[in-house]
Amino acid sequence: MQTVDRVAASAGAQEGRLRFVLINLAFAQLTLGVVLAIAPGFFFDTIADYGTQNDHFLRDISTFYLAFGVVLLAALERVSWRVPLLAFGALQYGLHTLNHLLDIGEADPGWLGPFNFISLLLLTAGFVYALRISARP
């Protein structure tokens, strides 16, 4: 009986950690989406100065982040959505991180390239971590 209780407690703790990570990943997506949608110039100047600014394109990108944030929140209740969404997020952020590594010296100011790379690497790790928990039986 104690083993069953330990397994149930462990599963509950994992679900709690997973929900925490999902909420934070969703919040990150929604925050990026809102900033891109309402203040593309601020986003460009503060986070993404990699050449020429295009507000329309930045607002287009905001739609991805907003939609992704919403479906990540939905995955809190729709358990069957978790693994596909988290796998997609891990792949997308992994590729996004690689792209920033390739352009690490192109940002203005110069510190922004390494900062963005590390930030994206941490988000990728969050998706991978949540995916590993979600994929367990």
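**A network of charged side chains**

Modeller: E15, R19, E77 and R82 are joined to one another in a network of salt bridges, a salt bridge being a side-chain nitrogen of Lys or Arg within 4 Å of a carboxyl oxygen of Asp or Glu. This is a predicted model, in which local features need pLDDT of at least 70 and side-chain atom pairs count only at pLDDT 80 or more, while totals for chains, interfaces and linings use all residues. Residues are numbered from 1 along each chain as its sequence is written, and side-chain values use heavy atoms, with hydrogens and water left out.

As background, side chains of opposite charge can pair when their charged atoms come close.

Let us begin with E15 and R19, whose side chains meet in a salt bridge with an N to O distance of 3.9 Å. Both residues belong to helix α1, which covers residues 2-38, and they lie four residues apart, about one turn of the helix; a helix here is a DSSP run of H or I with at least four residues, numbered from the N terminus. R19 is partly exposed, with a relative accessible area of 26%, and E15 is also partly exposed, at 29%, where buried means under 20%, exposed over 50% and partly exposed in between, using a 1.4 Å probe and protein chains only.

R82 itself is buried, with a relative accessible area of 3%.

R19, in turn, forms a salt bridge with E77, and their closest N and O atoms are 3.3 Å apart. This pair also links distant parts of the chain, since R19 is in helix α1 and E77 is in the loop between α3 (55-74) and α4, 58 residues away. E77 is exposed, with a relative accessible area of 61%.

Methods: Helices (H or I, at least four residues) and strands (E, at least two) are DSSP runs, numbered from the N terminus.
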